[in-house]
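Please load the model in your viewer and keep the selection panel at hand. The tour goes from the whole chain to single residues and pairs.

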Amino acid sequence: MESVREEAGRLQSESEVQLKGISSAIDNRRQLKNRVTKLERLNNRLLKILKVQGDMVDPENNLYQKAEREEQLYIDRIDSIETSVQNLDRITLQEKYGQGHLRFQISLSNDSRLKIEIETLPMNFIPHALSVFSEIVENGFFDNATISQDIGGCLHFHPMEDKVSKTPIFVENPVTKSMDGMKVLLGKRGLQSAVFFCAEDTDHDAHGLELESVFAFVVSGADFLKSLRKSSSESTQISWRVQSIARIEPEKLENSGMV
């Protein structure tokens, strides 16, 4: 019996030692975490000081200003490339369609009598987005596309998954805040171009496009598109389907009195 008590006492003693060790380890971890947090704050303050007083810290090389100059040169180079692409797209569009804006008609397979019409911004404002959109329309990219409501409430024309299209490579930001009506956005999602129809009350930032440019407005059929939206702002499928999208020829616009 005595040996059992001794063994129990020994185990109790070892357990207390282990508990003290665990408690000490937890306390050390907490202290270390606090030190790391303080060091991170100090490091951030030092970085700000080094950036502001780079000349004093590094008067000969001035690494921060050198890095900033290199970054600015890179940005300028990208801007130059984008401008060149825009100029080329603008020339191609003007040679093909003339100047000004374009109109497109969207036919829905559920009701052939129902047409949606969109009018682009002047091509000088969005030559790259318009070039991409007109090309994929000519190639029938949106033929038989389904319509879904994306997160945020915008309507998305969703082509077949296996279709690969030309996509925009940068964003154009025309001033559109003062313009009323349902906006049409062109963006990139994966390997496909994506077109979204966004009413004034939708969350334009919720759909998660890699790139997006407002390039057109709905001039006919906006009320019908708004009626397709569900009460929920979550992503959901809609029973309507796009039959085709086609450019409206200028002479047809003149005959209809829409110009």
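The stops below each name something to select and then say what is there.

**Before selecting anything**

This is a predicted model, in which local features need pLDDT of at least 70 and side-chain atom pairs count only at pLDDT 80 or more, while totals for chains, interfaces and linings use all residues. Residues are numbered from 1 along each chain as its sequence is written, and side-chain values use heavy atoms, with hydrogens and water left out.

**The whole chain**

Colour by secondary structure, where helices (H or I, at least four residues) and strands (E, at least two) are DSSP runs numbered from the N terminus. There are six helices and eight strands, and their order along the sequence is α-α-α-β-β-α-β-β-β-β-β-α-β-α. Of the 259 residues, 34% are buried, where buried means under 20% relative accessible area, exposed means over 50% and partly exposed lies in between (1.4 Å probe, protein chains only). The accessible surface is about 16,400 Å², with 51% of it belonging to carbon and sulfur atoms; these areas come from the Shrake-Rupley method with a 1.4 Å probe, and for residues only the protein chains shown count as cover. Taking contacts as heavy atoms within 4.5 Å, 70% of those between residues at least 6 apart in sequence join residues at least 24 apart.

**Leu39, Leu42 and Leu46**

Select these three leucines, which make a nonpolar surface patch of about 270 Å². Patches are made of residues with over 30% relative accessible area and no salt bridge, with like charges joined within 9 Å and nonpolar side chains (Val, Leu, Ile, Met, Phe, Trp, Tyr) within 5 Å. Leu42 belongs to helix α1 (residues 2–52) and is partly exposed at a relative accessible area of 39%.

**Strands β3 and β4**

Next select residues 146–149, strand β3, which is covered on both faces: Thr146 and Ser148 are buried on one side, Ile147 and Gln149 on the other. In a regular strand the side chains alternate between the two faces of the sheet. The bridge partner of Ser148 in β4 is His156.

Then step back to Asn144, in the loop between α4 (127–138) and β3. Its phi is near 65°, a positive value in a residue other than glycine. Most residues other than glycine have a negative phi. Asn144 is partly exposed, at 45% relative accessibility.

Select residues 183–189, strand β5, where five of the seven residues are buried. Strand β5 pairs with β6 in the antiparallel sense over seven bridges, and Lys183 has Cys198 in β6 as its bridge partner. Two residues lie between the strands of this hairpin, in which Gly190 takes a positive phi near 70°. Strand β7 (residues 211–220) is also antiparallel to β5, with six bridges joining them, and Val184 stands opposite Ala216 in β7.

Which residue's backbone oxygen does the side chain of Ser193 reach? Select Ser193 in strand β6 (residues 192–198): its side chain reaches the backbone oxygen of Lys166 at 2.5 Å. Ser193 is buried, at 1% relative accessibility, and, not counting residues up to four places away in sequence, its contacts include Val132, Ile136, Phe141 and Leu186.

Met182, in the loop between β4 and β5, is also buried, with a relative accessible area of 1%. Its C-alpha atom is 8.8 Å from that of Ala216, 34 residues apart along the chain.

**Salt bridges**

Finish with the charged pairs, a salt bridge being a side-chain nitrogen of Lys or Arg within 4 Å of a carboxyl oxygen of Asp or Glu. By this rule there are five salt bridges. One of them joins Glu138 and Lys96, whose closest N and O atoms are 2.9 Å apart; Glu138 lies in helix α4 and Lys96 in helix α3 (residues 63–97), so the pair ties together parts that are 42 residues apart in sequence.

Lys166 also forms a salt bridge, with Glu135, the closest N and O atoms being 3.2 Å apart. This pair links the loop between β4 and β5, where Lys166 is, to helix α4, where Glu135 is, across 31 residues.

Technical notes:
Two strands pair if DSSP finds at least two bridges between them. A polar contact is a pair of N or O atoms within 3.5 Å; within protein, one must be able to donate a hydrogen and the other to accept it, and residues adjacent in sequence count only if both atoms are side-chain atoms.
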